[in-house]
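Let's take a walk through this structure together. Have the sequence and the model open side by side, and follow along residue by residue.

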Amino acid sequence: MEWLEASTENCPVQRTLDVVGEKWTLLILRDAVNGVRRFDDFRRHIGLSEAVLSDRLRKLTSAGILKTAPYQEPGSRARNEYRLTRKGWDLWPVLMALTQWGEAYAVGSEGRLLDVRHSDCDAPVRVVVECSAEHSALTPGEVTARLGPGAVRRRP
C-alpha cells in the first residue's frame, strides 16, 4: 500500500491539529510557555475576545494541555490561573520550530521578538530532527518514511 492509498483518519498531524491547530490556540500556548497564567493577561496580550479565549482555554484544559490552579488576590474573589501540564510542555519544540521558521522567513525588519538561548553556554537554541541513535540535524533526504502498523487502506 502506498501513501495515497492510506487513510489519514488516524494521522497524528491531523489529530494534533484538531486540538492545537488554530491560530488563537497556538498564541495562548506561546504566551503560556512565556509565563502568562491569568485570563486577563492572555486577553490583553493576545487581543482576543473573552468568549474566544474562554473557549480555547476550556478546550486546552479538557485536552490535558493546560490545568487550572486557584489563586486569589487580596480583596478579590478566587479565580483560576492556567498552567502547562507535561503534555502542554511537550508542545514546546513545536512552538520553537514555528519560531525558527518564522525567524528565517517571516520576521520583520525590526528583528526577532525573543532571543532564546541555552542557559548554560548562551548559544542560540534551534530545533533539529534526529534519530533515536542520536544522529542529529537530519535532512529530509536522509529520512525514509514507511507506513506503520496503524495504516489502513483508504475507502474509495
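D31 is buried, with a relative accessibility of 2%; here buried means under 20% relative accessible area, exposed means over 50%, and partly exposed lies in between, using a 1.4 Å probe and protein chains only. You will find D31 in helix α2, where helices are DSSP runs of H or I with at least four residues, numbered from the N terminus. Leaving aside residues up to four places away in sequence, D31 touches V36, F42, H45 and I46, contact being heavy atoms within 4.5 Å.

A word on what you are looking at: this is a predicted model, in which local features need pLDDT of at least 70 and side-chain atom pairs count only at pLDDT 80 or more, while totals for chains, interfaces and linings use all residues. Residues are numbered from 1 along each chain as its sequence is written, and side-chain values use heavy atoms, with hydrogens and water left out.

Let's stay with α2 for a moment. Its buried residues are T25, I28, L29, D31, A32 and V33. At the start of this helix, a side-chain oxygen of E22 comes to within 3.0 Å of the backbone nitrogen of W24. After α2 comes G35, with a positive phi near 100 degrees.

E22 has another partner to look at. It forms a salt bridge with R56, with the closest N and O atoms 2.9 Å apart; a salt bridge is a side-chain nitrogen of Lys or Arg within 4 Å of a carboxyl oxygen of Asp or Glu. This pair links distant parts of the chain, since E22 sits in the loop between α1 (12–20) and α2 (23–33) and R56 in helix α4 (residues 50–62), 34 residues apart. E22 is partly exposed at 27% relative accessible area, whereas R56 is buried at 16%.

Now look along α4, where R58 and D55 lie 3 residues apart, about one turn of the helix. Their side chains meet in a salt bridge, at 2.5 Å from N to O. Salt bridges with shared partners join E22, D55, R56, R58 and K59 into one network.

R44 is exposed, with a relative accessible area of 56%, and D41 is partly exposed at 32%. Across the whole structure, a search finds 18 salt bridges.

Where does M96 lie? This residue is in helix α6, and at 10% relative accessibility M96 is buried. Not counting residues up to four places away in sequence, M96 touches V116, V125 and V127. Its C-alpha atom is separated by 15 Å from that of A137, 41 residues apart along the chain.

Helix α6 also brings us to the largest pocket. α6 (92–105) and α2 each supply at least two residues of its lining, and α6 gives the most, with 7 residues. In all, 26 residues line the pocket, and R30, L95, T99, L113 and L114 lie nearest its centre. By type, the lining divides into 13 nonpolar, 6 polar and 7 charged residues; Ala, Val, Leu, Ile, Met, Phe, Trp, Tyr, Cys and Pro count as nonpolar, Asp, Glu, Lys and Arg as charged, and the others, Gly among them, as polar. On a 1 Å grid over the protein atoms alone, a pocket is an open set of points where a 1.4 Å probe fits, with protein on both sides within 12 Å along at least five of seven lines, and lining residues have an atom within 4 Å of a point.

Notes
A polar contact is a pair of N or O atoms within 3.5 Å; within protein, one must be able to donate a hydrogen and the other to accept it, and residues adjacent in sequence count only if both atoms are side-chain atoms.
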